[in-house]
Amino acid sequence: MAADKLSAKEAELIAQARAQFGKATAPGQVPAAARVAQAKPGPRAAPLENPARNAPASERSPAERLDALMAAARAESERERERQRRLYLWVPVAFVFVLGLWTLLWMWTRL
């Protein structure tokens, strides 16, 4: 996948995973969004069921940390999809409502 096709969140996740696994990256590979996201913390995810996942990062294995990171990314993308579904429902309803009101007003002026 080309670097220019990654979103800021995807680039941040890849940069975090590389940092956790200790893989060196070239200076040009770490996007600015990843550096900004590391500087300010994002919203906290709900605690996971597995108690090993709730342990501090230093006590978890790299696979568990990556699993927790990907679970948080999946939860965020699911919230975004749900928001889009609601938007795709209400925008056409609002359009039809405005069109109906305009039609009633037009009919009222014709009486």
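Reply: A definition comes before the questions: a helix here is a DSSP run of H or I of at least four residues, and helices are numbered from the N terminus. The model is a predicted one.

Me: Is Arg 65 buried or exposed?
Reply: Buried means under 20% relative accessible area. Arg 65 has a relative accessibility of 16%, so this residue counts as buried.

Me: What is the C-alpha separation of Arg 65 and Gln 16?
Reply: Arg 65 is among the α3 residues that meet α1, and Gln 16 is among those on the α1 side. Along the chain the two lie 49 residues apart. Their C-alpha atoms are separated by 10.0 Å.

Me: Are α1 and α3 roughly parallel or antiparallel to each other?
Reply: The axes of α1 (residues 8-21) and α3 come within 10 Å and cross at roughly 170°. Angles over 145 degrees count as roughly antiparallel. The two helices are therefore roughly antiparallel.

Me: How do the residues of the contact of α1 with α3 divide into nonpolar, polar and charged, and what are the counts?
Reply: On the α1 side the contact includes Leu 13, Ala 17 and Phe 21, and on the α3 side it includes Leu 66, Leu 69 and Glu 76. The residues of the contact divide into eight nonpolar, two polar and three charged.

Me: Which helix do the buried residues of α3 pack against?
Reply: In α3, Arg 65, Ala 68, Leu 69, Ala 71 and Ala 73 are buried. The helix they pack against is α1.

Me: What is the distance between the end C-alpha atoms of α3?
Reply: The expected span of a helix is 1.5 Å times one less than its number of residues. For the 49 residues of α3 this should give 72 Å, and the value from the model agrees, so the end C-alpha atoms are apart by 72 Å.

Me: Which residue follows α1?
Reply: The residue after α1 has a positive phi, near 80°. That residue is Gly 22.

Me: What share of the residues of the chain counts as buried?
Reply: In α1, the buried residues include Glu 12, Leu 13 and Gln 16. Of the 111 residues of the chain, the share that counts as buried is 13%.

Methods. Residues are numbered from 1 along each chain as its sequence is written. This is a predicted model: local features need pLDDT of at least 70, side-chain atom pairs count only at pLDDT 80 or more; totals for chains, interfaces and linings use all residues. Side-chain values use heavy atoms; hydrogens and water are left out. Axes are lines fitted to C-alpha atoms, for helices over the stretch in contact, and angles run from 0 to 180 degrees between N-to-C directions. Angles under 35 degrees count as roughly parallel, over 145 as roughly antiparallel, 65 to 115 as roughly perpendicular and the rest as oblique. Contact means heavy atoms within 4.5 Å. Ala, Val, Leu, Ile, Met, Phe, Trp, Tyr, Cys and Pro count as nonpolar, Asp, Glu, Lys and Arg as charged, and the others, Gly among them, as polar. Buried means under 20% relative accessible area, exposed over 50%, partly exposed in between (1.4 Å probe, protein chains only).
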